[in-house]
Amino acid sequence: MSPSNAFGSVLRRVSAAAATVSAITAGSTRTLSRRTLITTSYETTVRRYINISTLCPLHQTAILSQGANMEQRKPFTADFFFRQLFDEQSHTYSYLLADIASKEAILIDPVLEQATRDAKLIEELGFTLKFALNTHMHADHVTGTGYLKQLLPGTLSVISKNSGAKADRHLVDNETVKFGRHELRALCTPGHTNGCMTFVVEEQGCAFTGDTLLIRGCGRTDFQEGDSRTLYRSVHDRIFTLPDNFRLFPAHDYKGNMETTVAEEKRYNPRLTKDIEAFVELMGNLNLPYPKMIDKAVPANRECGLFDIPKES
């Protein structure tokens, strides 16, 4: 088949699919073949293959439409730098954000064992690390904040005032942290710990949820001032009230996922789609093992990660 004939065939299939979808949204149902090509217009030619049953009523079509819409995320502005970093041992994500024009940067949830890696990257990119922030006082790894202050003099440590940890700067609810022309807003989202915060960068349409909200999960609530009811309210009142298309970046993932959205977690999170009583019951019966690093990590992180910093050779 020639290219022109192939393109004509695609357009005819698009037209037929669009007409079928229009009929469905008008209230009728149509039989759709499996692996139907759906598009919103000739110009966009968005190709999406969906395995569906032979009968697709109106309410199912609406669900499919909503599922497609939740992927329409706000793009980062041209002067906003974002880099997601990973520590394999603790499955921790760290996030380097920067203003490309001023070169001022911040690092969220650094890990001690990765501090030299992070410092090298920051120097290579020509950034100045203004703040090293922690979303909470971690129990599964020692923060890299203290070591980064040594590697990159002038860096200030930041954590919630409610965390009980030492830092150069303690944040309260709705306080902002500026780097260049950009800023993040700190929301108190306790429940995993008293000092948990979610950092929201409104202009970029994203938030960093720490351990409060994970991808299809949440932080445990059976140690370190954990409280299931508080965590549930934090997620539903502070995170799920953000715009549906906001991208969410957690402090950990154990299955290879990198990010999610508000809409996804409101619909698919198996824990937080339950009512509060069912959630509390579930969290109370997880029977999780005692955290391996807690006895080392918490005392170190209470002192801003100043324990066990490697000596420079």
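**Close-up views of a predicted model**

**View 1. His 252 sits in the loop between strand 17 (247-250) and strand 18 (260-261).** Helices (H or I, at least four residues) and strands (E, at least two) are DSSP runs, numbered from the N terminus. This is a predicted model, in which local features need pLDDT of at least 70, side-chain atom pairs count only at pLDDT 80 or more, and totals for chains, interfaces and linings use all residues. Residues are numbered from 1 along each chain as its sequence is written, and side-chain values use heavy atoms, with hydrogens and water left out. Is His 252 buried or exposed? With a relative accessible area of 1%, His 252 is buried (buried means under 20% relative accessible area, exposed over 50%, partly exposed in between, with a 1.4 Å probe and protein chains only).

**View 2. The side chain of His 252 meets that of Asp 140 in a polar contact of 2.9 Å.** Such a contact is a pair of N or O atoms within 3.5 Å; within protein, one must be able to donate a hydrogen and the other to accept it, and residues adjacent in sequence count only if both atoms are side-chain atoms. A polar atom of the His 252 side chain also lies 3.2 Å from the backbone oxygen of His 91. Setting aside neighbours within four places in sequence, the residues in contact with His 252 (heavy atoms within 4.5 Å) include Ser 90, Tyr 93, Asp 211 and Leu 214.

**View 3. Ala 297 belongs to helix 8 (residues 294-302).** Ala 297 counts as buried because its relative accessibility is 0%. Which residues does Ala 297 touch, not counting those up to four places away in sequence? They are His 138, Ala 139, Asp 140, His 141 and Val 142. Ala 297 and Ala 139 are 158 residues apart in sequence, yet 5.3 Å apart in space, C-alpha to C-alpha.

**View 4. Strand 11 (residues 176-179) and strand 12 (residues 182-188) run antiparallel, joined by four bridges.** Two strands pair if DSSP finds at least two bridges between them. Phe 179 stands opposite His 182 in strand 12. The hairpin of these strands has two residues between them, and Gly 180 takes a positive phi near 60 degrees there. On strand 11, Val 177 and Phe 179 form the covered face, while Thr 176 and Lys 178 form the uncovered one.
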